[in-house]
Amino acid sequence: MTARTYRNPVLNADWSDPDVVRVGDDFYLTASSFGRVPGLPLLHSRDLVNWTLVGHALQRLEPAAEFARPRHDRGVWAPSLRHHDDRFWIFWGDPDQGVFQVNAPGIRGPWTRPHLLKRGKGLIDACPLWDEETGEAYLVHAWARSRSGVKNRLTGHRMSPDGTALLDEGTVIVDADRIPGWFTLEGPKLYRHDGWFWIFAPAGGVETGWQGAFRSRGFFGPYEEKVVLEQKDTDVNGPHQGGWVRTPAGEDWFLHFQQRGAYGRVVHLQPMRWGADGWPVLGDEGAPVTEHRRPDLPPQPPAAPATDDDFPGGRYGPQWQWTANPPPLPASPGRGDPHDGWTTRHSGDGLRLTCVRSADAHDLRRLPNVLTQRLPGTPCAAEVELRLDSGEPGARAGLAVLGDAFCWIGLQRGADGTAHLVHRFAETVAERERDAGHPRLAPQGRARLRVEIGAGARCRFSSDTGDGFRPSGQVFAATPWRWVGALLALFALAPAGQGHAGAATFTHFRITPS
(Lines give C-alpha, C1' and ligand atoms only; values in the text may rest on other atoms or scores of the structure.)
Protein backbone atom coordinates (compact mmCIF):
# COMPACT_ATOMS: atom_id res chain seq x y z
CA MET A 1 0.00 0.00 0.00
CA THR A 2 1.23 3.50 -0.84
CA ALA A 3 -0.04 7.01 -0.15
CA ARG A 4 -1.98 6.74 -3.42
CA THR A 5 -3.61 3.40 -2.69
CA TYR A 6 -5.73 1.79 0.02
CA ARG A 7 -6.15 -1.80 1.18
CA ASN A 8 -9.33 -3.63 2.07
CA PRO A 9 -11.03 -3.91 4.42
CA VAL A 10 -11.34 -0.18 5.10
CA LEU A 11 -13.30 -0.95 8.29
CA ASN A 12 -11.76 -4.04 9.85
CA ALA A 13 -14.41 -4.92 12.41
CA ASP A 14 -18.09 -5.88 12.51
CA TRP A 15 -19.74 -2.91 10.78
CA SER A 16 -22.42 -5.18 9.38
CA ASP A 17 -24.64 -4.44 6.35
CA PRO A 18 -23.22 -0.96 5.62
CA ASP A 19 -25.00 1.80 3.76
CA VAL A 20 -23.50 5.12 2.73
CA VAL A 21 -24.56 8.57 1.56
CA ARG A 22 -22.72 11.74 0.53
CA VAL A 23 -23.79 15.23 1.59
CA GLY A 24 -21.56 17.91 0.13
CA ASP A 25 -17.95 16.85 0.73
CA ASP A 26 -18.84 14.50 3.58
CA PHE A 27 -19.62 10.79 3.50
CA TYR A 28 -21.70 9.09 6.17
CA LEU A 29 -22.19 5.40 6.89
CA THR A 30 -24.51 3.40 9.11
CA ALA A 31 -24.66 -0.32 9.86
CA SER A 32 -26.71 -2.99 11.58
CA SER A 33 -26.61 -2.83 15.37
CA PHE A 34 -29.03 -5.70 16.12
CA GLY A 35 -29.90 -5.75 19.85
CA ARG A 36 -27.15 -3.43 21.14
CA VAL A 37 -27.81 0.02 22.61
CA PRO A 38 -27.32 2.72 21.47
CA GLY A 39 -28.08 1.53 17.95
CA LEU A 40 -27.62 2.72 14.37
CA PRO A 41 -23.94 3.80 14.50
CA LEU A 42 -23.04 6.88 12.47
CA LEU A 43 -19.61 7.09 10.85
CA HIS A 44 -18.04 9.98 8.94
CA SER A 45 -15.34 10.20 6.26
CA ARG A 46 -13.96 12.68 3.78
CA ASP A 47 -12.18 10.11 1.59
CA LEU A 48 -14.19 6.82 1.89
CA VAL A 49 -11.09 5.15 3.38
CA ASN A 50 -10.60 6.75 6.80
CA TRP A 51 -13.69 6.65 9.01
CA THR A 52 -14.54 7.92 12.49
CA LEU A 53 -17.54 7.12 14.67
CA VAL A 54 -19.50 10.29 15.45
CA GLY A 55 -22.54 8.94 17.27
CA HIS A 56 -25.72 6.87 17.08
CA ALA A 57 -29.19 7.60 15.76
CA LEU A 58 -31.08 5.29 18.11
CA GLN A 59 -30.77 5.80 21.86
CA ARG A 60 -33.20 3.03 22.83
CA LEU A 61 -34.66 0.08 20.96
CA GLU A 62 -38.42 -0.03 20.47
CA PRO A 63 -40.59 -1.41 21.90
CA ALA A 64 -38.47 -0.72 24.98
CA ALA A 65 -39.78 -3.60 27.10
CA GLU A 66 -38.99 -6.11 24.36
CA PHE A 67 -35.31 -5.14 24.52
CA ALA A 68 -34.96 -4.92 28.29
CA ARG A 69 -33.10 -8.24 28.02
CA PRO A 70 -30.47 -9.24 25.43
CA ARG A 71 -31.76 -10.00 21.93
CA HIS A 72 -28.39 -10.53 20.32
CA ASP A 73 -29.46 -11.44 16.76
CA ARG A 74 -32.64 -9.34 16.65
CA GLY A 75 -33.42 -5.62 16.56
CA VAL A 76 -31.90 -3.41 13.87
CA TRP A 77 -31.23 -5.28 10.61
CA ALA A 78 -29.60 -3.74 7.50
CA PRO A 79 -30.47 -0.03 7.72
CA SER A 80 -30.55 2.36 4.76
CA LEU A 81 -29.19 5.89 5.09
CA ARG A 82 -30.46 8.70 2.87
CA HIS A 83 -30.46 12.52 2.70
CA HIS A 84 -33.64 14.18 1.43
CA ASP A 85 -35.39 17.51 1.99
CA ASP A 86 -32.44 18.76 4.09
CA ARG A 87 -32.78 15.85 6.52
CA PHE A 88 -31.01 12.57 7.16
CA TRP A 89 -33.26 9.50 7.06
CA ILE A 90 -32.61 5.95 8.25
CA PHE A 91 -35.02 3.09 7.48
CA TRP A 92 -34.58 -0.45 8.79
CA GLY A 93 -36.43 -3.66 9.35
CA ASP A 94 -36.84 -5.38 12.70
CA PRO A 95 -37.76 -8.98 11.81
CA ASP A 96 -40.12 -9.25 14.80
CA GLN A 97 -41.76 -5.81 14.65
CA GLY A 98 -41.71 -4.32 11.16
CA VAL A 99 -40.19 -1.41 9.23
CA PHE A 100 -39.06 1.64 11.22
CA GLN A 101 -37.83 5.10 10.29
CA VAL A 102 -35.97 7.89 12.08
CA ASN A 103 -34.81 11.27 10.73
CA ALA A 104 -32.82 14.32 11.81
CA PRO A 105 -31.74 17.75 10.50
CA GLY A 106 -28.05 16.84 10.99
CA ILE A 107 -26.07 13.65 11.36
CA ARG A 108 -25.53 14.35 15.06
CA GLY A 109 -29.25 14.83 15.58
CA PRO A 110 -31.55 15.38 17.23
CA TRP A 111 -33.02 12.16 15.81
CA THR A 112 -36.73 11.48 16.01
CA ARG A 113 -38.08 8.54 17.96
CA PRO A 114 -38.61 5.43 15.82
CA HIS A 115 -41.74 5.55 13.68
CA LEU A 116 -43.27 2.18 12.79
CA LEU A 117 -43.97 2.52 9.06
CA LYS A 118 -45.11 -1.05 8.38
CA ARG A 119 -46.02 -3.54 11.06
CA GLY A 120 -45.41 -7.23 10.44
CA LYS A 121 -43.23 -10.29 10.96
CA GLY A 122 -40.23 -10.98 8.73
CA LEU A 123 -39.99 -7.49 7.19
CA ILE A 124 -36.28 -6.73 6.81
CA ASP A 125 -33.72 -4.64 4.94
CA ALA A 126 -35.94 -1.66 4.09
CA CYS A 127 -34.79 1.11 1.74
CA PRO A 128 -36.60 4.29 0.59
CA LEU A 129 -36.31 6.28 -2.62
CA TRP A 130 -37.46 9.80 -3.33
CA ASP A 131 -37.72 10.28 -7.11
CA GLU A 132 -36.56 13.84 -7.65
CA GLU A 133 -37.96 13.84 -11.20
CA THR A 134 -41.56 12.98 -10.32
CA GLY A 135 -41.86 13.78 -6.62
CA GLU A 136 -42.94 10.19 -5.94
CA ALA A 137 -41.56 8.22 -2.99
CA TYR A 138 -41.10 4.46 -2.76
CA LEU A 139 -40.01 1.76 -0.32
CA VAL A 140 -38.58 -1.70 -0.95
CA HIS A 141 -37.93 -4.43 1.61
CA ALA A 142 -36.91 -8.08 1.80
CA TRP A 143 -38.29 -10.99 3.85
CA ALA A 144 -36.97 -13.27 6.61
CA ARG A 145 -38.32 -16.81 6.25
CA SER A 146 -37.73 -17.49 9.95
CA ARG A 147 -40.59 -15.12 10.83
CA SER A 148 -42.78 -15.01 7.72
CA GLY A 149 -42.26 -18.29 5.88
CA VAL A 150 -41.22 -16.18 2.88
CA LYS A 151 -37.81 -15.24 1.47
CA ASN A 152 -35.99 -14.64 -1.82
CA ARG A 153 -38.29 -11.85 -2.93
CA LEU A 154 -38.50 -8.08 -2.72
CA THR A 155 -41.71 -6.17 -2.02
CA GLY A 156 -42.26 -2.59 -3.17
CA HIS A 157 -44.61 0.15 -1.98
CA ARG A 158 -45.50 3.68 -2.85
CA MET A 159 -44.73 5.87 0.15
CA SER A 160 -45.91 9.30 1.27
CA PRO A 161 -43.21 11.91 0.57
CA ASP A 162 -42.89 12.64 4.30
CA GLY A 163 -41.93 9.00 4.93
CA THR A 164 -44.68 8.40 7.48
CA ALA A 165 -47.08 6.12 5.58
CA LEU A 166 -47.23 3.51 2.82
CA LEU A 167 -49.84 4.16 0.15
CA ASP A 168 -50.63 0.60 -0.96
CA GLU A 169 -50.63 -3.00 0.23
CA GLY A 170 -47.32 -3.80 -1.46
CA THR A 171 -46.36 -5.71 -4.61
CA VAL A 172 -43.69 -8.35 -5.17
CA ILE A 173 -41.40 -6.55 -7.61
CA VAL A 174 -38.62 -9.17 -7.73
CA ASP A 175 -39.30 -12.88 -7.17
CA ALA A 176 -35.90 -14.57 -7.24
CA ASP A 177 -37.52 -18.02 -7.13
CA ARG A 178 -38.13 -17.33 -10.82
CA ILE A 179 -34.44 -16.63 -11.48
CA PRO A 180 -32.44 -19.84 -12.02
CA GLY A 181 -29.79 -20.36 -9.35
CA TRP A 182 -30.73 -17.38 -7.19
CA PHE A 183 -31.58 -17.83 -3.51
CA THR A 184 -31.71 -15.73 -0.33
CA LEU A 185 -32.22 -12.43 -2.14
CA GLU A 186 -32.12 -9.67 0.50
CA GLY A 187 -30.51 -6.35 1.48
CA PRO A 188 -31.95 -4.18 -1.33
CA LYS A 189 -30.72 -0.64 -1.93
CA LEU A 190 -32.87 1.48 -4.25
CA TYR A 191 -31.63 4.17 -6.68
CA ARG A 192 -32.53 6.15 -9.82
CA HIS A 193 -29.90 6.41 -12.54
CA ASP A 194 -29.93 7.11 -16.26
CA GLY A 195 -33.70 6.71 -16.56
CA TRP A 196 -33.78 3.37 -14.71
CA PHE A 197 -34.88 2.24 -11.30
CA TRP A 198 -31.97 0.30 -9.83
CA ILE A 199 -31.99 -2.19 -6.98
CA PHE A 200 -28.60 -3.35 -5.72
CA ALA A 201 -29.29 -6.54 -3.76
CA PRO A 202 -27.18 -9.52 -2.63
CA ALA A 203 -28.13 -13.18 -2.90
CA GLY A 204 -26.62 -16.58 -2.20
CA GLY A 205 -26.15 -16.30 1.57
CA VAL A 206 -23.98 -14.29 3.92
CA GLU A 207 -20.75 -16.31 3.67
CA THR A 208 -20.70 -17.35 0.02
CA GLY A 209 -23.10 -15.08 -1.85
CA TRP A 210 -22.77 -12.47 -4.59
CA GLN A 211 -23.90 -8.94 -5.32
CA GLY A 212 -26.71 -8.52 -7.82
CA ALA A 213 -28.07 -5.51 -9.65
CA PHE A 214 -31.62 -5.18 -11.00
CA ARG A 215 -33.02 -2.54 -13.31
CA SER A 216 -36.41 -1.54 -14.65
CA ARG A 217 -37.94 1.46 -16.38
CA GLY A 218 -40.75 1.42 -13.80
CA PHE A 219 -40.52 0.91 -10.06
CA PHE A 220 -42.93 -2.01 -10.07
CA GLY A 221 -41.01 -3.82 -12.81
CA PRO A 222 -40.40 -5.95 -14.70
CA TYR A 223 -36.75 -6.10 -13.60
CA GLU A 224 -33.79 -7.69 -15.33
CA GLU A 225 -30.83 -8.88 -13.27
CA LYS A 226 -27.07 -9.31 -13.42
CA VAL A 227 -24.36 -10.50 -11.02
CA VAL A 228 -21.99 -7.53 -10.62
CA LEU A 229 -19.61 -8.70 -7.84
CA GLU A 230 -18.55 -12.19 -6.72
CA GLN A 231 -15.56 -13.91 -5.14
CA LYS A 232 -14.09 -15.41 -8.33
CA ASP A 233 -10.45 -16.41 -7.62
CA THR A 234 -9.93 -13.98 -4.71
CA ASP A 235 -9.79 -14.63 -0.98
CA VAL A 236 -12.84 -12.41 -0.34
CA ASN A 237 -15.74 -14.75 0.32
CA GLY A 238 -19.30 -13.53 -0.22
CA PRO A 239 -18.50 -9.92 -1.24
CA HIS A 240 -21.96 -8.37 -1.10
CA GLN A 241 -24.62 -6.19 0.54
CA GLY A 242 -23.82 -2.53 0.71
CA GLY A 243 -24.32 0.86 -0.88
CA TRP A 244 -23.30 2.89 -3.92
CA VAL A 245 -22.04 6.46 -3.54
CA ARG A 246 -20.79 9.10 -6.01
CA THR A 247 -18.06 11.62 -5.19
CA PRO A 248 -18.33 15.34 -6.03
CA ALA A 249 -16.02 14.69 -9.02
CA GLY A 250 -18.37 11.99 -10.35
CA GLU A 251 -16.45 8.85 -9.33
CA ASP A 252 -18.59 5.89 -8.27
CA TRP A 253 -17.73 3.58 -5.35
CA PHE A 254 -19.40 0.68 -3.60
CA LEU A 255 -19.05 -0.29 0.08
CA HIS A 256 -19.97 -3.85 1.10
CA PHE A 257 -19.22 -6.47 3.73
CA GLN A 258 -17.32 -9.74 3.95
CA GLN A 259 -18.28 -12.29 6.63
CA ARG A 260 -15.18 -13.26 8.66
CA GLY A 261 -16.39 -15.64 11.34
CA ALA A 262 -15.87 -14.37 14.87
CA TYR A 263 -14.80 -10.96 13.55
CA GLY A 264 -18.23 -10.42 12.00
CA ARG A 265 -18.77 -8.50 8.78
CA VAL A 266 -15.84 -6.28 7.79
CA VAL A 267 -16.28 -3.50 5.21
CA HIS A 268 -14.61 -3.30 1.80
CA LEU A 269 -14.50 -0.44 -0.69
CA GLN A 270 -14.80 -1.29 -4.40
CA PRO A 271 -14.30 0.97 -7.41
CA MET A 272 -17.37 1.16 -9.61
CA ARG A 273 -18.03 2.30 -13.15
CA TRP A 274 -20.78 1.99 -15.72
CA GLY A 275 -20.12 -0.38 -18.60
CA ALA A 276 -20.96 0.15 -22.26
CA ASP A 277 -24.07 -2.00 -21.75
CA GLY A 278 -25.33 0.38 -19.06
CA TRP A 279 -24.71 -2.03 -16.16
CA PRO A 280 -22.47 -1.26 -13.17
CA VAL A 281 -19.02 -2.88 -13.08
CA LEU A 282 -17.74 -3.35 -9.53
CA GLY A 283 -14.20 -4.07 -8.37
CA ASP A 284 -11.82 -5.54 -10.94
CA GLU A 285 -14.27 -6.59 -13.65
CA GLY A 286 -16.63 -8.01 -11.03
CA ALA A 287 -14.03 -9.41 -8.61
CA PRO A 288 -13.25 -7.68 -5.29
CA VAL A 289 -10.00 -5.72 -5.10
CA THR A 290 -7.48 -6.05 -2.27
CA GLU A 291 -5.54 -2.89 -3.05
CA HIS A 292 -6.59 -0.04 -5.32
CA ARG A 293 -6.06 3.60 -6.16
CA ARG A 294 -7.66 5.87 -3.61
CA PRO A 295 -10.77 7.87 -4.51
CA ASP A 296 -10.00 11.20 -6.15
CA LEU A 297 -10.65 13.18 -2.98
CA PRO A 298 -8.54 15.54 -0.83
CA PRO A 299 -5.97 13.59 1.22
CA GLN A 300 -6.99 12.91 4.81
CA PRO A 301 -4.97 11.86 7.85
CA PRO A 302 -5.26 8.21 8.89
CA ALA A 303 -8.32 7.60 11.04
CA ALA A 304 -10.39 4.73 12.41
CA PRO A 305 -13.27 4.36 14.86
CA ALA A 306 -12.03 4.87 18.41
CA THR A 307 -11.29 1.87 20.62
CA ASP A 308 -9.21 3.20 23.55
CA ASP A 309 -10.93 4.91 26.46
CA ASP A 310 -9.84 6.67 29.68
CA PHE A 311 -13.52 7.16 30.63
CA PRO A 312 -13.17 10.86 31.55
CA GLY A 313 -15.67 11.88 34.20
CA GLY A 314 -16.93 8.33 34.29
CA ARG A 315 -18.27 8.61 30.75
CA TYR A 316 -17.65 5.97 28.11
CA GLY A 317 -17.01 6.76 24.44
CA PRO A 318 -19.39 6.14 21.52
CA GLN A 319 -17.59 2.88 20.65
CA TRP A 320 -19.34 1.20 23.59
CA GLN A 321 -22.83 -0.35 23.50
CA TRP A 322 -24.95 -2.16 26.09
CA THR A 323 -26.37 -5.58 25.29
CA ALA A 324 -29.94 -4.35 25.95
CA ASN A 325 -31.93 -1.25 26.89
CA PRO A 326 -30.88 0.16 30.27
CA PRO A 327 -33.73 0.71 32.73
CA PRO A 328 -35.37 4.13 32.36
CA LEU A 329 -34.38 6.76 34.89
CA PRO A 330 -36.70 9.32 36.45
CA ALA A 331 -36.26 12.72 34.86
CA SER A 332 -33.90 14.88 36.90
CA PRO A 333 -31.74 17.92 36.07
CA GLY A 334 -28.31 17.15 34.71
CA ARG A 335 -28.93 13.46 34.09
CA GLY A 336 -29.92 13.32 30.47
CA ASP A 337 -27.93 10.22 29.53
CA PRO A 338 -30.35 7.25 29.49
CA HIS A 339 -27.47 4.84 30.24
CA ASP A 340 -26.44 6.38 33.58
CA GLY A 341 -28.32 3.79 35.63
CA TRP A 342 -25.51 1.25 35.27
CA THR A 343 -22.69 3.78 35.64
CA THR A 344 -21.73 6.54 38.10
CA ARG A 345 -20.34 9.83 36.88
CA HIS A 346 -17.59 11.49 38.88
CA SER A 347 -14.92 14.17 38.54
CA GLY A 348 -11.97 11.91 37.71
CA ASP A 349 -11.19 9.32 35.09
CA GLY A 350 -12.42 5.75 35.14
CA LEU A 351 -15.63 3.89 34.45
CA ARG A 352 -17.59 2.99 37.57
CA LEU A 353 -19.93 0.14 36.75
CA THR A 354 -22.62 -0.78 39.24
CA CYS A 355 -22.51 -4.40 40.37
CA VAL A 356 -26.01 -5.12 39.14
CA ARG A 357 -27.73 -7.95 41.00
CA SER A 358 -28.96 -10.79 38.82
CA ALA A 359 -30.14 -14.38 39.10
CA ASP A 360 -28.31 -14.88 35.77
CA ALA A 361 -24.88 -13.89 37.08
CA HIS A 362 -23.56 -17.26 35.90
CA ASP A 363 -24.14 -16.43 32.19
CA LEU A 364 -23.00 -13.14 30.62
CA ARG A 365 -25.07 -13.85 27.51
CA ARG A 366 -28.26 -13.28 29.49
CA LEU A 367 -27.26 -9.99 31.09
CA PRO A 368 -28.35 -6.58 29.75
CA ASN A 369 -25.74 -4.58 31.71
CA VAL A 370 -22.71 -5.72 29.70
CA LEU A 371 -20.81 -2.91 27.97
CA THR A 372 -19.35 -4.00 24.64
CA GLN A 373 -17.36 -2.91 21.65
CA ARG A 374 -16.47 -4.63 18.39
CA LEU A 375 -13.68 -7.18 18.21
CA PRO A 376 -10.85 -5.83 16.01
CA GLY A 377 -10.27 -7.78 12.82
CA THR A 378 -6.49 -7.98 13.17
CA PRO A 379 -4.26 -9.52 15.88
CA CYS A 380 -4.14 -7.26 18.93
CA ALA A 381 -4.20 -7.12 22.71
CA ALA A 382 -6.95 -5.52 24.79
CA GLU A 383 -5.99 -4.39 28.29
CA VAL A 384 -7.77 -2.64 31.15
CA GLU A 385 -7.14 -1.92 34.82
CA LEU A 386 -9.80 -3.03 37.31
CA ARG A 387 -10.50 -2.22 40.95
CA LEU A 388 -13.29 -4.15 42.65
CA ASP A 389 -14.79 -1.63 45.07
CA SER A 390 -17.73 -3.79 46.09
CA GLY A 391 -17.49 -5.71 49.35
CA GLU A 392 -20.54 -7.83 48.52
CA PRO A 393 -19.77 -11.59 48.64
CA GLY A 394 -20.01 -12.94 45.09
CA ALA A 395 -19.68 -9.51 43.44
CA ARG A 396 -17.47 -9.72 40.38
CA ALA A 397 -16.24 -7.67 37.44
CA GLY A 398 -14.04 -8.30 34.46
CA LEU A 399 -12.96 -8.20 30.85
CA ALA A 400 -14.71 -10.63 28.50
CA VAL A 401 -14.80 -11.91 24.96
CA LEU A 402 -18.52 -12.36 24.46
CA GLY A 403 -20.38 -14.33 21.82
CA ASP A 404 -22.37 -17.53 21.53
CA ALA A 405 -19.59 -18.84 23.77
CA PHE A 406 -17.80 -16.51 26.19
CA CYS A 407 -14.73 -16.22 28.37
CA TRP A 408 -13.74 -13.63 30.96
CA ILE A 409 -11.04 -12.78 33.47
CA GLY A 410 -11.54 -10.52 36.45
CA LEU A 411 -12.02 -10.17 40.19
CA GLN A 412 -14.57 -11.71 42.57
CA ARG A 413 -15.23 -10.97 46.23
CA GLY A 414 -15.12 -13.99 48.51
CA ALA A 415 -17.36 -14.71 51.47
CA ASP A 416 -14.45 -13.78 53.78
CA GLY A 417 -14.04 -10.40 52.12
CA THR A 418 -10.91 -11.25 50.14
CA ALA A 419 -10.69 -10.62 46.40
CA HIS A 420 -9.73 -13.38 44.02
CA LEU A 421 -8.53 -13.33 40.43
CA VAL A 422 -10.89 -15.63 38.53
CA HIS A 423 -11.03 -16.85 34.91
CA ARG A 424 -14.23 -18.43 33.60
CA PHE A 425 -15.83 -19.54 30.35
CA ALA A 426 -18.92 -21.15 28.88
CA GLU A 427 -19.20 -23.17 25.71
CA THR A 428 -21.95 -22.50 23.19
CA VAL A 429 -24.15 -25.29 24.54
CA ALA A 430 -23.39 -24.62 28.22
CA GLU A 431 -26.05 -23.03 30.40
CA ARG A 432 -23.61 -21.62 32.92
CA GLU A 433 -19.96 -20.69 33.19
CA ARG A 434 -17.20 -22.70 34.86
CA ASP A 435 -13.56 -22.14 35.74
CA ALA A 436 -11.11 -21.70 32.88
CA GLY A 437 -8.14 -21.22 35.18
CA HIS A 438 -7.21 -21.66 38.84
CA PRO A 439 -8.40 -18.79 41.10
CA ARG A 440 -5.75 -16.94 43.09
CA LEU A 441 -5.70 -14.16 45.65
CA ALA A 442 -5.67 -10.53 44.54
CA PRO A 443 -4.62 -8.91 47.83
CA GLN A 444 -5.23 -5.31 46.80
CA GLY A 445 -8.55 -5.96 45.07
CA ARG A 446 -6.94 -4.67 41.88
CA ALA A 447 -5.69 -6.25 38.65
CA ARG A 448 -4.55 -5.44 35.17
CA LEU A 449 -6.43 -7.67 32.74
CA ARG A 450 -5.36 -8.58 29.23
CA VAL A 451 -6.63 -10.67 26.36
CA GLU A 452 -4.34 -11.26 23.38
CA ILE A 453 -6.34 -11.96 20.22
CA GLY A 454 -4.37 -13.87 17.63
CA ALA A 455 -5.06 -15.27 14.17
CA GLY A 456 -8.47 -16.87 13.84
CA ALA A 457 -9.71 -14.87 16.86
CA ARG A 458 -7.94 -17.24 19.24
CA CYS A 459 -7.73 -15.52 22.62
CA ARG A 460 -5.18 -15.91 25.39
CA PHE A 461 -6.08 -14.34 28.76
CA SER A 462 -3.63 -13.08 31.37
CA SER A 463 -3.57 -10.83 34.44
CA ASP A 464 -1.27 -8.87 36.70
CA THR A 465 -2.17 -8.61 40.41
CA GLY A 466 1.10 -6.95 41.33
CA ASP A 467 3.69 -9.54 40.35
CA GLY A 468 3.67 -9.18 36.56
CA PHE A 469 1.42 -10.65 33.89
CA ARG A 470 0.71 -14.36 34.21
CA PRO A 471 -1.16 -16.37 31.56
CA SER A 472 -4.33 -18.15 32.61
CA GLY A 473 -6.16 -21.16 31.23
CA GLN A 474 -6.32 -22.52 27.71
CA VAL A 475 -6.66 -20.63 24.45
CA PHE A 476 -10.28 -19.59 23.87
CA ALA A 477 -11.69 -19.41 20.33
CA ALA A 478 -13.98 -16.39 20.04
CA THR A 479 -17.40 -17.43 18.76
CA PRO A 480 -19.94 -15.25 16.94
CA TRP A 481 -23.68 -15.37 17.30
CA ARG A 482 -25.59 -16.26 14.13
CA TRP A 483 -25.46 -12.76 12.64
CA VAL A 484 -23.27 -10.83 15.07
CA GLY A 485 -19.51 -11.01 15.53
CA ALA A 486 -17.86 -11.61 18.91
CA LEU A 487 -17.47 -8.61 21.20
CA LEU A 488 -15.06 -7.28 23.78
CA ALA A 489 -16.91 -6.52 26.98
CA LEU A 490 -16.68 -4.99 30.46
CA PHE A 491 -19.13 -5.93 33.19
CA ALA A 492 -19.85 -5.75 36.91
CA LEU A 493 -22.48 -7.86 38.67
CA ALA A 494 -23.54 -9.49 41.91
CA PRO A 495 -25.76 -12.41 42.93
CA ALA A 496 -29.48 -11.85 43.40
CA GLY A 497 -30.38 -10.19 46.67
CA GLN A 498 -31.45 -6.93 48.25
CA GLY A 499 -29.76 -3.56 48.42
CA HIS A 500 -27.00 -1.84 46.52
CA ALA A 501 -24.11 -4.20 45.81
CA GLY A 502 -21.40 -1.63 45.21
CA ALA A 503 -19.37 -0.98 42.07
CA ALA A 504 -16.20 -1.72 40.13
CA THR A 505 -13.89 0.82 38.49
CA PHE A 506 -12.24 0.31 35.09
CA THR A 507 -9.43 2.59 33.88
CA HIS A 508 -7.07 2.89 30.91
CA PHE A 509 -8.76 0.62 28.38
CA ARG A 510 -6.36 0.10 25.48
CA ILE A 511 -6.21 -1.98 22.30
CA THR A 512 -2.74 -2.31 20.76
CA PRO A 513 -1.77 -4.11 17.54
CA SER A 514 0.17 -7.33 17.98
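F220 is partly exposed, at 28% relative accessibility. Keep in mind that this is a predicted model. Is F219 buried or exposed? F219 is buried, at 3% relative accessibility. The two rings form a pair. Their centres are 4.8 Å apart and their planes meet at 75°, so we call the pair edge-to-face. The cut-off for that label is an angle over 60 degrees.

That is how we describe such pairs in general. We give the distance of the centres and the angle of the planes. How many aromatic pairs does the structure hold? The count is 27.

Here is another one. W89 pairs with W130. The centres lie 5.2 Å apart, the planes are at 50°, and the pair is tilted. Where do these two sit in the chain? W89 is in strand β7, residues 87-94, and W130 is in strand β10. They are 41 residues apart, and the pair links distant parts of the chain. W89 has a relative accessible area of 5%, so it is buried. W130 is buried as well, at 9%. Buried means under 20%, so both values qualify.

Aromatic rings also gather in a group. Y191, W198, F200, W244, F254, W274 and W279 make up one aromatic cluster.

Stay with strand β10 for a moment. β10 belongs to an open sheet of four strands. The order is β10-β11-β12-β13, and the pairing is antiparallel. Which strands are at the edges? They are β10, residues 123-130, and β13, residues 171-175. Each of those pairs on one side only. From one strand to the next, the twist averages 25°.

Zoom in on the first two names in that order. Six bridges join β10 to β11, residues 137-143, in the antiparallel sense. Within that pairing, C127 has V140 in β11 as its bridge partner.

Between β10 and β11 comes a loop, and D131 is in it. Is D131 buried or exposed? D131 counts as buried, at 4% relative accessibility. What does D131 touch, beyond its neighbours within four places in sequence? The contacts are E136, Y138, R192 and F197. Two of those names come back together. The charged end of R192 sits over the ring of F197, 4.1 Å from the ring centre. The charged end of R374 sits over the ring of W15, at 3.6 Å from its centre.

Next, salt bridges. Side chains of opposite charge can pair when their charged atoms come close. A search of the whole structure finds 31 salt bridges.

R7 is partly exposed, at 40%. E291 is partly exposed too, at 32%.

Another is R74 with D96, where the closest N and O atoms are 3.9 Å apart. R74 is partly exposed, with 31% relative accessibility. D96 counts as buried, at 14%.

Then R396 and E433, with 3.7 Å from N to O. R396 is in strand β29, residues 396-402, while E433 is in the loop between β31 and β32. The two are 37 residues apart. R396 is buried at 11%, and E433 is buried at 11%.

Salt bridges can also join up. D360, D363, R365 and R366 are linked in a network of them.

Follow R387 across both pairings. In β34, its bridge partner is R446. In β38, the bridge partner of R387 is T505.

Terms used. Residues numbered from 1 in each chain as written. Predicted model: local features only at pLDDT ≥ 70, side-chain atom pairs only at ≥ 80, totals over all residues. Heavy atoms only, no water. Pairing = 2+ DSSP bridges. Axes fitted to C-alpha atoms, helices over the stretch in contact; angles between N-to-C directions. Phe/Tyr/Trp six-rings, centres within 6.5 Å; stacked < 30°, edge-to-face > 60°. Buried < 20%, exposed > 50% of the residue type's maximum accessible area, 1.4 Å probe, protein only. Lys NZ or Arg CZ within 6 Å of the ring centre and 35° of its normal. Contact = heavy atoms within 4.5 Å. Salt bridge = Lys/Arg side-chain N within 4 Å of Asp/Glu carboxyl O.
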